[in-house]
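Thanks for coming. I have one model to show today, so please look at the screen first.

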Amino acid sequence: MENNSWTRIIKPKSNPFELNLREIWEYRDLLYILVRRDIVSSYKQTLLGPLWFFVQPILTTIVFTIIFSNIAKINTENVNPTLFYLAGITFWNYYADCLQKTSGTFLANAGIFGKVYFPRIIVPLATILGNLYKFFVQFILLCIAIGVLAIMGKASVNIQWLHALVLLPHVILMIGLLGMASGNIISSLTVKYRDFSFLVAFGTQLLMYCTPVIYPLSYAQNSFFGAFVNINPITPLIEAFRYSMLGSGTFTPLTLLYSSAFCILTFTLSVFLFNRVEKNFVDII
Amino acid sequence: MQEKSISVENVSKVYRLGSVGSKSFTDDFKSFVGKVTGQGSKDKNIEENDRTSIGQSEYVYALKDINFEVNTGEVLGVIGKNGAGKSTLLKILSKITAPSTGEIKIKGRMASLLEVGTGFHPELSGRENIFLNGAILGMRRHEIKAKFDEIVEFSGVSRYVDTPVKRYSSGMYVRLAFAVAAHLEPEILIIDEVLAVGDTEFQKKCLGKMKDVSGHGRTVLFVSHNMAAIKQLCHRAIFLKNGGLLKEGDAKSVVDYYLKDGREISISKSWDNLNDAPGNENIRLKKISVSPAESETDIISIETGIKFEIEYVNYVEGKTTDFTMFLFNQDEIMMFESGIILSQNNDSVKGHYKISTIIPAYYLNSGEYHINIVFGESQRYFLYLHNDILSFEIEENGANKGSNLKRSPGILRPNFDWKYNLVDYV
């Protein structure tokens with residue numbers, strides 16, 4: 001019998017870099033339903049419901065404004081501090097949520113993965129997309145805040161339209177890829193060694209302080225840990241995001257290129273790891 | 001030539017025993033270094049999956065060199081004892097875990113039901129979960145939509161379809177889950193026996209659906225311990241034992257082979273070297289066995305009775321000693337404890353001894369049993385204790401084996417002398 005009539009061939013090992021796009025496409029409905037499930041189920045049985053999407057960034061922004069702007073008096077480069085922190089938090093939270101949620105993929109879904117097959121990568125993909133939805137909701141909050149503060153006369157609208165149209169989609173794609181990549185790498189490692197799951201929570205917190213979330217890059221460059229902030233691939237992305245929305249941020253095409261290359265490389269590595277782990281992880285988890 | 005739906009070639013699966021920790025990390029690191037430096041790690045010593053003995057190696061074969069093919073439209077039964085490798089085979093076929101060696105080729109859309117309700121989310125309503133579960137099992141959204149009403153009706157929970165499933169009773173939950181699974185229309189269906197748990201009505205529904213599916217020319221792989229169902233539903237069957245494929249053929253002959261010849265006839269363990277034997281400074285075992293009490297047959301069944309023997313060396317001198325045997329059934333219910341006083345008034349003597357007894361026929365029901373033994377001092381202290389030292393199976397008696405394979409209920413299987421008289425005409 002000719003080989004080509006078989007529709008599925010199961011072998012011990014497959015090409016590690018292969019991302020079976022056709023198979024993912026066949027399961028696109030599952031992807032859609034999982035994204036919906038994540039969004040819908042997260043605020044079930046709560047009074048405020050989807051309003052929680054707004055509460056967290058608003059409260060964090062208020063706290064940050066009081067502590068870092070009013071008490072610590074960190075300069076925010078002529079930008080209204082509220083908008084500065086809101087933009088930073090919106091962007092950073094997208095990365096941190098992607099990382100923290102995808103880092104538990106294998107452990108949290110061991111039950112399902114052990115009973116039924118579908119392309120495993122669907123699960124972290126759904127997480128990224130669900131978080132993207134949340135990001136857009138919070139992005140709209142940022143736009144509203146810009147408008148409201150402009151009307152109140154406390155800040156001027158400084159959106160760089162050209163950058164916003166061209167650069168923003170790229171920057172958002174990159175930070176999503178990086179979030180999923182770091183999450184996948186950690187979830188692949190935790191399958192065998194749980195140590196890495198302890199790292200995630202305080203690791204993301206430490207990383208936040210090395211990223212210009214609560215201070216502008218120009219402020220950190222003069223300090224002793226400026227080198228850390230400069231090699232952090234998230235730095236150019238968040239600066240470009242802030243520049244597009246608020247008209248202030250420090251980045252060059254070269255730093256952007258560096259961070260994009262870093263994101264794509266990490267993503268490729270994470271797919272490689274994920275593929276290696278997904279074939280046999282049921283036996284060791 | 002008959003068209004094939006599944007072809008399994010030389011498939012093996014190796015499992016590593018023991019826990020994952022810093023030791024496995026150093027092992028991983030060593031084999032990685034070995035790979036990089038080109039020396040390769042030492043050949044692993046892999047053993048067969050025989051659970052009655054304790055092996056030396058850390059690696060065992062859960063499956064070894066399995067070859068078989070399934071024709072399109074055929075219902076293939078997979079039988080074997082617990083631990084024979086059936087579930088591993090299903091997991092490999094369903095792509096849940098990869099084989100260690102070999103290759104499997106599959107033609108057509110496949111769905112496996114190793115569990116019902118996989119991926120149900122407690123916070124979501126029945127309606128949302130139907131879509132979620134269907135999509136996880138590989139259905140497209142429009143297919144689920146088209147069958148939605150049918151699924152709800154089949155499940156009989158239409159009134160609660162917008163209630164979160166966490167408020168469902170367990171019965172409703174299972175019915176809804178099964179309804180989704182039953183409306184899958186794959187070309188190949190893999191069903192594990194776990195589906196057949198639940199009440200009789202549920203089992204009937206499940207088996208009825210299976211007949212339906214196979215009636216429509218689809219290929220089915222069916223794993224079960226229910227030999228009557230295998231004989232009734234399957235065209236062919238394969239029999240797995242200790243990870244190997246022992247017999248393949250038409251369902252009836254494989255089932256008969258499994259029931260009659262495929263099992264150990266009497267279980268015994270013996271140790272030639274006293275240093276390797278189980279025991280301690282008080283007691284060393286030499287031999288332990290169970291066998292049918294009547295020698296003309298080889299199989300322990302309800303009507304044979306069971307002869308239990310143990311040989312051991314006693315090192316305890318000048319004590320009051322005793323021996324007790326505990327028998328448990330497969331549900332871990334203790335059937336009885338029974339024993340003998342070996343020495344009284346502190347007069348035990350060193351030596352090689354033999355203890356035996358007979359459990360009478362028509363006493364215990366059919367099923368799997370295991371034995372714990374205890375040597376004691378003054379009926380208060382342990383000299384030596386060994387749990388699960390032997391396990392054995394009591395078969396149904398031959399007379400009932402034909403059409404009715406069902407086990408009689410109850411833990412005892414007495415053969416009472418019943419009397420029946422006409423007292424008076426009315």
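First, the conventions. This is a predicted model, in which local features need pLDDT of at least 70 and side-chain atom pairs count only at pLDDT 80 or more, while totals for chains, interfaces and linings use all residues. Residues are numbered from 1 along each chain as its sequence is written, chains are lettered from A and ligands numbered from 1 in the order in which they are written, and side-chain values use heavy atoms, with hydrogens and water left out.

Now the interface. Chain B gives 49 residues to the contact and chain A gives 40 residues, where contact means heavy atoms within 4.5 Å. Together the two chains bury about 4000 Å², with 59% of it on carbon and sulfur atoms; buried area is the accessible area (1.4 Å probe) that two parts lose on being put together, summed over both. There are three salt bridges between chain B and chain A, a salt bridge being a side-chain nitrogen of Lys or Arg within 4 Å of a carboxyl oxygen of Asp or Glu. A:Asp29 forms a salt bridge with B:Arg141, and their closest N and O atoms are 3.6 Å apart. Among the elements that give two or more residues to the chain B side are helix H1 (22–37) and strand E5 (101–106) of chain B. Helices (H or I, at least four residues) and strands (E, at least two) are DSSP runs, numbered from the N terminus.

Strand E5 of chain B also pairs with strand E1 (residues 8–10) of chain A, in the antiparallel sense over three bridges. Two strands pair if DSSP finds at least two bridges between them. In this pairing, A:Ile10 stands opposite B:Ile104.

Next, strand E14 (residues 321–329) of chain B. Is this strand enclosed or open? Nine of its nine residues are buried, so E14 is largely enclosed by the rest of the structure. Buried means under 20% relative accessible area, exposed over 50%, partly exposed in between (1.4 Å probe, protein chains only). E14 pairs antiparallel with strand E17 (residues 367–377) over nine bridges, and B:Asn329 stands opposite B:Tyr369 there. E14 also pairs antiparallel with strand E15 (residues 334–341), over seven bridges. E14 and E15 form a hairpin with four residues between them, and B:Glu332 in the turn has a positive phi of about 65 degrees.

Last, B:Ser289, which lies in strand E12 (residues 283–292) of chain B. B:Ser289 counts as buried because its relative accessibility is 8%.
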